[in-house]
Amino acid sequence: MTATATDIESEIKRLKQETDTVILAHYYQEDEIQDIADFIGDSLDLARKAQSVTHSQILFAGVHFMAETAKILNPSKRVLVPDMDAGCSLAESCPPNLFATFKANHPDHIVVTYINCTAEIKAMSDIIVTSSNAVDIVNSIPREKPIIFAPDRYLGAWVMKQTNRPMVLWNGSCIVHETFSHKQLVKLKVRYPDARVIAHPECPESILNEADFVGSTKKLLNDVVVQPHQMFIVVTEPGIIHQMKKNAPDKTFIPALSEDETCSCNTCPFMKLNTMEKIQQALRTGKPEVILQEDIRQQAERALLAMLEHSR
Ligand code: SF4
């Protein structure tokens with residue numbers, strides 16, 4: 001007999017208790033995973049939450065670098081992921097060996113790295129940022145200090161514009177945010193002239209120039225609540241719309257599109273590898289588990305703590 005969605009949900013709840021597990025989930029997860037999580041958040045919230053978890057086990061429903069961040073910040077906890085293959089195109093666009101050479105070619109630079117990177121890259125960084133705090137952190141660095149920003153070139157370019165400060169950018173990008181189509185966005189704006197366009201700064205500049213508001217996932221969520229608009233064109237991963245609808249149930253949310261409007265290219269394929277069945281299986285077996293080399297973990301922790309200290 002095949003297990004129903006309700007059976008799976010009930011078993012996850014029971015296993016969570018039996019194994020003393022907390023489920024942390026990112027806003028880009030499928031709706032039913034967001035609904036079963038103990039805590040949902042963006043990268044900064046999730047890092048803070050992971051640090052303070054008292055349960056013996058964390059199941060991280062997100063992508064691999066996020067689960068690594070939980071392990072870096074709370075190493076005595078066992079950290080499970082539903083699918084070890086849930087990677088991230090942005091993290092993968094910055095291989096550690098090439099980044100080590102890049103860094104060596106820019107001595108004396110402060111290395112500011114977006115949290116969407118591997119533990120090895122975090123270990124080579126001076127300070128980590130998220131899209132919520134990147135502008136503040138860059139502004140806090142003395143102006144005479146040159147900066148390397150990695151791995152997202154679009155977020156880096158946006159931060160440069162906000163801070164009026166040049167930085168050397170690593171040439172990485174997110175396949176999801178990079179593929180929004182300018183032409184499709186303009187078409188949506190014409191079709192819905194009263195809609196407010198909100199976008200994540202991982203999008204290219206041509207897209208951000210069309211937006212009424214640019215901000216982190218958390219700031220976008222807040223914007224739809226506090227703004228008087230009834231309709232929003234949402235230019236980021238559409239998983240976020242589930243929380244937007246919960247927080248502002250009377251409003252309308254229109255996901256922006258890629259060039260081919262029939263393709264779901266703006267849905268993160270890595271985030272969507274996680275399923276309720278895989279969560280159930282991970283809780284049953286205690287696998288797959290995130291394991292980190294201790295020296296890398298410690299160096300990465302130093303850069304993450306520098307961020308958390310700044311954003312307290
Ligand atoms: S949306 Fe982009 S940056 Fe976020 S996990 Fe997916 S590939 Fe990585």
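Modeller: Let's start with a pair of strands: strand 9 (residues 196-199) and strand 11 run parallel and are joined by four bridges. Please keep in mind that this is a predicted model, where local features need pLDDT of at least 70 and side-chain atom pairs count only at pLDDT 80 or more, while totals for chains, interfaces and linings use all residues. Residues are numbered from 1 along each chain as its sequence is written.

Biologist: What makes strand 9 and strand 11 a pair?

Modeller: Two strands pair if DSSP finds at least two bridges between them. Strand 9 and strand 11 have four bridges, so they pass. One of the places to look is Arg196, whose bridge partner in strand 11 is Phe232. The strands themselves are DSSP runs of E with at least two residues, and helices are runs of H or I with at least four, both numbered from the N terminus.

Biologist: How do you know that strand 9 and strand 10 pair?

Modeller: Two bridges join them in the parallel sense, and at least two are asked for, so they count as a pair. Here Ile198 stands opposite Phe213 in strand 10.

Biologist: Why are strand 10 and strand 12 called edge strands?

Modeller: The open sheet has four strands in the order 10-9-11-12, with parallel pairing. Strand 10 (213-214) and strand 12 (252-255) each pair on one side only. For strand 12, that side is strand 11 (residues 231-235), which it joins through four parallel bridges. Met231 stands opposite Thr252 there.

Biologist: What makes strand 1 (residues 21-26) mostly covered?

Modeller: A residue is buried if 20 or more other C-beta atoms lie within 10 Å of its own, exposed if 12 or fewer, and partly exposed in between, with C-beta atoms placed from the backbone. In strand 1, six of its six residues are buried. In a regular strand the side chains alternate between the two faces of the sheet. Thr21, Ile23 and Ala25 on one side are buried, and so are Val22, Leu24 and His26 on the other.

Biologist: Which strands does strand 1 pair with?

Modeller: Strand 1 runs parallel to strand 3 (residues 57-61), with five bridges, and parallel to strand 2 (residues 39-41), with three. His26 is opposite Gly41 in strand 2. From strand 1 the chain passes through helix 2 (residues 31-36) to strand 2, a right-handed β-α-β crossover. Right-handed means that, with the strands pointing away from the viewer, the path from the first strand over the helix to the second runs clockwise.

Biologist: Why is strand 5 (residues 110-114) called largely enclosed?

Modeller: Four of its five residues are buried, so the rest of the structure largely encloses strand 5. Strand 5 also runs parallel to strand 7 (residues 147-150), with four bridges.
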